Amino acid sequence: MRRVIAGLAVAALAAVGVGGAAVPAGAMEDVPAAQRSQVPDVIKVPAGNKKIAVMPANGVQTYQCTGGAWVFLQPDAILRYHGRPEVLHSKGPVWTSVRDGSSVTAAAQANSPVPNTIPQLLLKATGNRGPGLFARVTFIQRLNTTGGVAPTGACTEGATASVPYTADYTFWVAA
């Protein structure tokens with residue numbers, strides 16, 4: 001069943017033209033410092049945590065017209081690891097492993113604005129379910145964001161708009 005759901009999600013995102021390459025934990029250490037994105041202090045993970053994975057995401061940020069303004073509704077994205085779809089990211093926000101069914105729900109703790117794109121975030125886990133990849137996740141960072149900004153201008157009540165975005169999600173556990 002999970003493979004069917006993952007397959008449908010991959011197909012849905014492929015229809016809007018999203019895809020990506022994997023970045024395993026530690027891979028950024030091979031990139032020269034001048035080319036790495038610097039993590040702003042406000043969204044750095046507290047000491048006592050260690051990185052377990054970095055996964056590029058491709059998806060959409062969906063907005064709904066409410067009271068004449070575009071309001072964030074939910075994210076929908078696929079995160080890849082070693083080139084394979086491994087995680088579904090959806091409303092909650094929640095991240096669910098398609099490999100082992102584990103999940104983590106989190107809440108934003110801090111953000112770092114980025115011009116013309118959605119902000120980078122530090123999220124703290126509020127719930128973990130099942131054994132597996134996300135069983136012990138404590139923090140998540142959304143880094144290197146592109147796109148995903150809410151539409152501007154007038155809108156029709158109830159209308160929705162899904163805006164493509166990319167980001168790198170970094171997952172942390174207690175050391």
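**Notebook: strands, salt bridges and a pocket**

I began with the overall fold and noted 1 helix and 8 strands in the protein. For both, I rely on DSSP runs numbered from the N terminus, where a helix (H or I) has at least four residues and a strand (E) at least two. Reading along the sequence, I get the pattern α-β-β-β-β-β-β-β-β.

A reminder to myself: this is a predicted model, in which local features need pLDDT of at least 70 and side-chain atom pairs count only at pLDDT 80 or more, while totals for chains, interfaces and linings use all residues. Residues are numbered from 1 along each chain as its sequence is written, and side-chain values use heavy atoms, with hydrogens and water left out.

I also looked up burial. Of the 175 residues, 38% count as buried; the cut-offs are under 20% relative accessible area for buried, over 50% for exposed, and partly exposed in between, with a 1.4 Å probe and protein chains only.

**Entry: the hairpins**

Next I followed strand E5 (residues 103-114) and its partners. I call two strands paired if DSSP finds at least two bridges between them. Strand E4 (residues 94-97) pairs with E5 in the antiparallel sense, over 3 bridges. Across from tryptophan 95 I find valine 104 of E5. The two strands make a hairpin with 5 residues between them, and in the turn glycine 101 has a positive phi of about 80°.

On to strand E6 (residues 117-129), which runs antiparallel to E5 and is joined to it by 10 bridges. I picked out serine 112, whose bridge partner in E6 is glutamine 120. This hairpin has 2 residues between the strands, and asparagine 116 takes a positive phi near 60°.

**Entry: the salt bridges**

How many salt bridges does the structure hold? I count 3, taking a salt bridge as a side-chain nitrogen of Lys or Arg within 4 Å of a carboxyl oxygen of Asp or Glu.

Lysine 44 is partly exposed at 43% relative accessible area, and aspartate 41 is exposed at 63%.

Then I turned to glutamate 86. Is glutamate 86 buried or exposed? Its relative accessibility is 8%, so glutamate 86 counts as buried. Glutamate 86 forms a salt bridge with arginine 84, the closest N and O atoms being 3.3 Å apart. Arginine 84 itself is partly exposed, at 40%.

Glutamate 86 also forms a salt bridge with arginine 99, where the closest N and O atoms are 3.0 Å apart. Glutamate 86 sits in strand E3 (residues 84-90) and arginine 99 in the loop between E4 and E5, so the pair ties together parts that are 13 residues apart in sequence. Arginine 99 counts as exposed, with 54% relative accessibility. I see the side chains of glutamate 86 and arginine 99 listed as a polar contact too, at 3.0 Å. For that term I use a pair of N or O atoms within 3.5 Å; within protein, one must be able to donate a hydrogen and the other to accept it, and residues adjacent in sequence count only if both atoms are side-chain atoms.

I looked up the second largest pocket and found about 230 Å³ of space in it. Of the 16 residues that line this pocket, the closest to its centre are Gln61, Phe72, Pro93, Leu121 and Arg142. A pocket here is an open set of points on a 1 Å grid over the protein atoms alone, where a 1.4 Å probe fits, with protein on both sides within 12 Å along at least five of seven lines; lining residues have an atom within 4 Å of a point.

Which strand gives the most to the lining? E6 does, with 4 residues, and strand E1 (49-66), strand E2 (69-81) and E6 each supply at least two. By class, I have 11 nonpolar, 3 polar and 2 charged residues in the lining.

**Entry: valine 42**

Last, I checked valine 42, which lies in the loop between helix H1 (2-15) and E1. Valine 42 is partly exposed at 48% relative accessibility. Its C-alpha atom is separated by 6.5 Å from that of alanine 110, 68 residues apart along the chain.

Terms used: Points joined across faces, edges and corners; volume = space filled by probe spheres on them. Nonpolar A, V, L, I, M, F, W, Y, C, P; charged D, E, K, R; others polar.
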